[in-house]
Amino acid sequence: MSLRRDFARRRNTGILALLVATVIFILPFLYIFLMAVKTKQEASLFLFNWPSEWQAWQNLVDVVQTRNYMLLLAYFNSTVITVGAVTLLVIFGAMVGYVLQRRPSGWNKLIYACILIGLMVPPAIVPTIWVLQGLGLFKTIHGMIFIQVAYGLAFSVLLYRSFISTIPRDLDEAAIIDGAKPWQVFFKVILPLLKPVTVTLIVVQSIAIFNDFTNPLYYLPGKENVTVQLTLFNFQSQFQSQYNLLFMNILLVTIPPLLVFIFFNRQIVAGMTSGAVKG
Amino acid sequence: MASRRPSPYPYWFVLPAAVVFVALFLVPTVASFWFSLTRWDLFDAEFIGWDNYRQFFKEPFLVQGLTNTLIYAVVTSGAKTVLGLLLAVLLTSGIWMQGFLRSVVFFPVLVSTIGVGITFAALMHPTRGVINLGLESIGIDGPAWLSDPALALYSVALIDIWKGVGLATLIYIAGLAAIAPEYYEASRIDGATRWQQFWRVTVPLVRPATVTVVTLSLIGGLRSFDIIWATTRGGPGFASDVLASVIYKQYQAGFYGLATAGNVILFLLIAIIILPLTYWFNKREVDL
Amino acid sequence: MKTLRYSAVMAAAIAWTSGMAQAELTLSVLIDNNPETIASMEAVTAAYTAANPEVTFDIEQRAGGADGDNIVKTRLATGEMADIFNYNSGSLFQALKPQETMADLTAIEGQANVLDSFKQVVTAPDGTVRGVPFGPAMGGGIFYNRKIYADLGLTVPKSWDEFMANNAKVAEAGKVPVITTFGDTWTSQLFVLGDYFNVQAEVPTFAAEYTANKAKYASTPAAMRGFEYLEAVFKANYMNEDFGVASFEDGMRMVATGEGAHYPMLTFGIGTVKQNHPDSLADLGFFAQPGPDAAKNGLTVWMPAALYVPAASPNAEEAIKFLNFVASVEGCNTMIGAAGASGPYLIKGCELPADVPPAVADMLPYFQTEGMTAPALEFLSPVKGPALEQITVEVGSGIRPAAEAAALYDQDVEKQAKQLGLPNW
């Protein structure tokens, strides 16, 4: 097989793959964009065509202003939930992963059982509401943060445990001999070394939590608690005949993950695969 | 074990995580077994024995939800596994624009499910939707994707596959990267064709990735809710209802005991399917 | 990440300042997304704010049908309800456990104007009144396009057979005979619910026996007919091509503009046409759902929805003042001015204007003749199952035969009756 023929073959498969991928994976996004900049009448036709009249700015303003700037409030809430939950997931997850990997004992079986349950069992919704009400956490932002932590823990413990196994024990032992307390060893020596996997975890979990729809739907009712995904769901009935605004909303909701994706593409790939394959 | 000095890896490190997990995950899960035996309106729970379970299995649409859940999980995870592997092979073969194509395939994974649902509901509109207009232009009369009872569940599954295949591809790409090139070298010297290489080298050696993809997508498929709710809400009628959407409807109708019984059934279903599967996967691994 | 945080801070700042810039009290209102509801609520709140500048309103819209029931139920159960909300009267109202969840409105000033017939359908089991009427009484029947009827020389049918004969002629002329909009699933129930006048004409004791768990849809031929009608329309292929995804607003557009001839619906659709297609209002006509016997045909009537105040509202006092205004003649006239008069209001002294649209003129004679109307079943019995709209979608899409569907609905109802703790279930 000559080099040139090989190159041509690769290029041709590439072009073919690109064409197919464009139709299947890119056109839907282009469609969202086109619908979002159309006028109300044109958007209601559902056609895939260039808008005859661009109305991007007006649609944007309309969506943002809907229901007294609800979308901005939603961005704020979603950000607070995401940042809060991811921070706790990093710290809690790393602490458990560390002890789990470093200290073999009978308890580990129990912890692994909990991880398996956490990955597999669907949350019992109404009883969870009942518990949240009892703790005074129902329909509160911090309650939602704890829920996301509870549901995301299993994954982050697994991710950290497999990464910590690559960190030599000599490091913690050296620190212990120097007289460091356990929490000093962990926070000053180990945690900084976990940076690569932490970046991954932050990216992966923040996207998952930001995009979460089901849990806020159940546990976070009330319009002052609205999250980004819920605005989309609520506006579906409000914008019944204003598809341009509905799609502008979809576009706005898609932008944060797109940015994260552009800047952290490599970490996402590393995290999704290492966590999944090794774990 | 029993050293005088406290361990440098103290168990209280586990405590904060354990408190959250036990309070918000384990306690509700255990409590659900009790509440599923009651008629419950969040204020009072009246014990009614197995009535909720009897009710659940008596109603044909709840049973249909059960079969739909199985069909949906098998179809989506099967397709994600097969397509994911094929795409991964293609996207590691050094084709032109490989990196860009990987990103394109993966991006839908990161997008809001509700947004995807609304978008595809518009694209799949039976008379005005882009898909059917496209088919019409080449002389095909497109079906009512989301409102034909025989098709709705599969159309939703198709959207799910579109959204999720990127993750499977990614896991497979990592799995393929872990295969030592010597294996391919050796089989080429033995005169194996590319097809034989795929079956004799790639498929067996990429096994760990397959295990992950199958397990993850099966669990995801069995629990699937958002994409169904964003497109068909279980309709037309009950044609695309799955357990999770049936549970949600009982919850919304205020039948909290019944909803919780559904939850327990879903939990048992997942356990019955996933536990033997992981056991079998692990055993095979040892055999190899 | 950084950009996200900045925008979040800005969002908080904007949300805060915009909150400050407003008047002293903002009442939150949750209404369904029907255009007639929206227009009425916007007009009546604007009028109230004009008279009381210190009170403003934040109106939130929700879906209709079972989705809407779910939103209302969940938000009441979790204490997240708006200060004022609109919701059905009758059995759906009873399912909200009004004596626990809603403020007692028996003694408020506005009730003096409300007709007793309405008070009955918003009275909790403990005898207290919990709502004030919002909107006009409605008929459940069939909208038709007057132009198509004139062009094809059709007359308003009094019996089901005449109706189907008309449909055959409409189909021949290349128009859609029966507009069907299962995209909004609740619209699928009309043939069943709107048939109740005919059911009770044949079985006068049905409602009482039904509540007592003695009569069933599946075992009462008269009651099952509604399901059979749905099936007949599907089998004759009389529906629009996109029936599975079309919405309520699509349906009203189609019947008003002549894309189709008939649309089974409640008369609040008149307000929708007035909002969205005012030029076609003159082409819209209405008749009661035809039954087996042309001599015994009459109209099934829905009481209007009501406005309620949740028991937990911190602004109940101010909310009740607003409800007093809604129940006044002035409030009533404001709503008629905004949404049009699509039916009789249940406020004493609130008369309809002389020049009503033809569809309303078609409906009024039923009200003016003794024995030509009957309340819908949901105002006579608290028993209504949550899955009816999915079941009727099934029948109307040919998934389930009528008899089986009626039996299934009887089962569905059982869950609700048990949850309500009714005797005999």
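How many residues does the contact take from chain A and from chain B? The contact takes 65 residues from chain A and 68 from chain B, where two residues are in contact if their C-beta atoms, placed from the backbone, lie within 7 Å.

This is a predicted model, in which local features need pLDDT of at least 70 and side-chain atom pairs count only at pLDDT 80 or more, while totals for chains, interfaces and linings use all residues. Residues are numbered from 1 along each chain as its sequence is written, and chains are lettered from A and ligands numbered from 1 in the order in which they are written.

On the side of chain A that touches chain B, the largest share, 13 residues, comes from helix H1 (residues 3-36) of chain A. Helices (H or I, at least four residues) and strands (E, at least two) are DSSP runs, numbered from the N terminus.

Chain B has 13 helices and 2 strands. Its C-alpha atoms fill a box of roughly 80 × 70 × 30 Å, taken along the principal axes. The mean pLDDT of chain B is 88, and 96% of the residues score at least 70; pLDDT is the predictor's confidence in each residue, from 0 to 100. The table gives the elements of chain B with the lowest and highest mean pLDDT.

| Element of chain B | Mean pLDDT |
|---|---|
| strand E2 (residues 45-47), lowest | 82 |
| helix H1 (residues 15-35), highest | 93 |

In chain C, the domain assignment, which is automatic or from a database, gives domain 1 (2-136 + 304-353) and domain 2 (138-302 + 359-420). Their C-alpha centres lie 28 Å apart.
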